[in-house]
Amino acid sequence: MISVLFAVLTAISNGSASVLQRRAASTVPDAEAMHLSLIRHLLRKKVWLAGIGLVIVAAVCQAVALATGPIAVVQPIFVIELPATLLIASCAFRVRLSRSAWLGVAAVTCGLAVGMAAAAPGGGSESVPGYAWIPALIITGIFEATLIIWSRRLRGNARAALLGLAAACGYALTAALMKDAVSRLDSGGGVLALVTAWQFYGTAVAGVGALFLLQNALQAGALVASQPMLTLGDALISITYGVTLFGESLRAGWWLLPELIGVALIAAGCVELARSPLMAGAKPPPPRVR
């Protein structure tokens, strides 16, 4: 229950941060894409700094969640960040959600419930043998490089989608490294074992890289292109890390059908929710008076 609670808190913080970062990144000129000047530009914006503050809060909550639960349980819960953020934004702006937005909320929530109930993730170890990271990091590096190179040949929403998926892979890797790092706290070595583990520093590098890719995804195109790829990609890639690195288990066989139905519901809901003006960090225009 602790891991689920902190996973929910992480999702709310991350979702709110995405909206604030999108609002800031959308004002950056295209000429600064994939350059460090993008970050320098964003550092001058208070709304982006507020988003970074929420990212830090999310990182702390995520560390607690991963330290107390399997990665295949914790990471998929993060898909609720879209409906949670939309509900928060609607309260903040005092705007009623449209019927399609409520359907999106229902689709994501039901999809998560169906998928998690069918997959029943669990088991696994708290740490990863050092040698197991070698092929995982090589495959991840090749995958990330392919997405980034491919995205450089595209523009608009197509680039945003690919960079969103690249950011998702980076965040999934960050979670896997973080879980392996915090396991040192319970191994008897305490804080010293944590700060001397390469996974601890790998978490920071992967997290910063994922954040950089996310800013470029948000700058490249609409949220409806990047956010579904980020949300679903993070969940699915994290599950892959959980199964292959930590030995966590998922139901197979005929259970794959309801699992796929759950994924489809989440995808449809994410697309619908990402279309809302509230998800772009903007207040919808007032209705016309007849």
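Student: How do I read the way helix 7 passes helix 8: is the crossing left-handed or right-handed?

Tutor: Handedness tells you which way the near helix is turned from the far one. This is a predicted model, and in it helix 7 makes a left-handed crossing with helix 8.

Student: What about the angle between helix 7 and helix 8, and the distance between their axes?

Tutor: Helix 7 covers residues 133-151, and its axis comes within 8 Å of the axis of helix 8. The two cross at roughly 160°. Angles over 145 degrees count as roughly antiparallel, so helix 7 and helix 8 are roughly antiparallel to each other.

Student: Which residues in helix 7 and helix 8 meet?

Tutor: On the helix 7 side, look for Trp133, Leu137, Thr140, Phe143, Glu144, Leu147, Trp150 and Ser151. Among their partners in helix 8 are Arg159, Leu162, Leu163, Cys169, Gly170, Leu173 and Asp180. Sorted by class, this contact has 13 nonpolar, 3 polar and 3 charged residues.

Student: Now helix 7 and helix 10. At what angle do they pack?

Tutor: Their angle is about 15°, and the axes lie 14 Å apart. Angles under 35 degrees count as roughly parallel, which means helix 7 is roughly parallel to helix 10. The crossing of helix 7 with helix 10 is left-handed.

Student: Where do helix 7 and helix 10 meet?

Tutor: Find Trp133, Leu137, Glu144 and Ile148 in helix 7, then Trp198, Gln199 and Leu213 in helix 10. By class, you get 5 nonpolar, 1 polar and 1 charged residues in this contact.

Student: Let's do pockets. How does anyone find where empty space is left?

Tutor: You roll a probe the size of a water molecule over the atoms, and that shows where space is empty. Here, the largest pocket has a volume of about 710 Å³. It is lined by 33 residues, and the closest to its centre are Val55, Ala59, Gln62, Tyr171 and Thr174.

Student: Which elements give two or more residues to that lining?

Tutor: They are helix 1 (2-25), helix 3 (46-68), helix 8 (156-182), helix 10 (198-220) and helix 11 (223-244). Helix 3 gives the most, with 8 residues. The lining of the largest pocket divides into 22 nonpolar, 9 polar and 2 charged residues.

Student: How much space lies in the second largest pocket?

Tutor: About 380 Å³. Its lining has 20 residues, with Ala119, Leu236, Ile239, Glu259 and Val263 nearest the centre.

Student: Which helix gives the most to the lining of the second largest pocket?

Tutor: Helix 12 does, with 6 residues. Helix 6 (99-119), helix 11 and helix 12 (256-274) each supply at least two residues.

Methods. Residues are numbered from 1 along each chain as its sequence is written. This is a predicted model: local features need pLDDT of at least 70, side-chain atom pairs count only at pLDDT 80 or more; totals for chains, interfaces and linings use all residues. Side-chain values use heavy atoms; hydrogens and water are left out. On a 1 Å grid over the protein atoms alone, a cavity is a set of points where a 1.4 Å probe fits but cannot get out, and a pocket is an open set with protein on both sides within 12 Å along at least five of seven lines; lining residues have an atom within 4 Å of a point. Grid points are joined across faces, edges and corners, and a volume is the space filled by probe spheres set on the points. Helices (H or I, at least four residues) and strands (E, at least two) are DSSP runs, numbered from the N terminus. Ala, Val, Leu, Ile, Met, Phe, Trp, Tyr, Cys and Pro count as nonpolar, Asp, Glu, Lys and Arg as charged, and the others, Gly among them, as polar. Axes are lines fitted to C-alpha atoms, for helices over the stretch in contact, and angles run from 0 to 180 degrees between N-to-C directions. Angles under 35 degrees count as roughly parallel, over 145 as roughly antiparallel, 65 to 115 as roughly perpendicular and the rest as oblique. Contact means heavy atoms within 4.5 Å.
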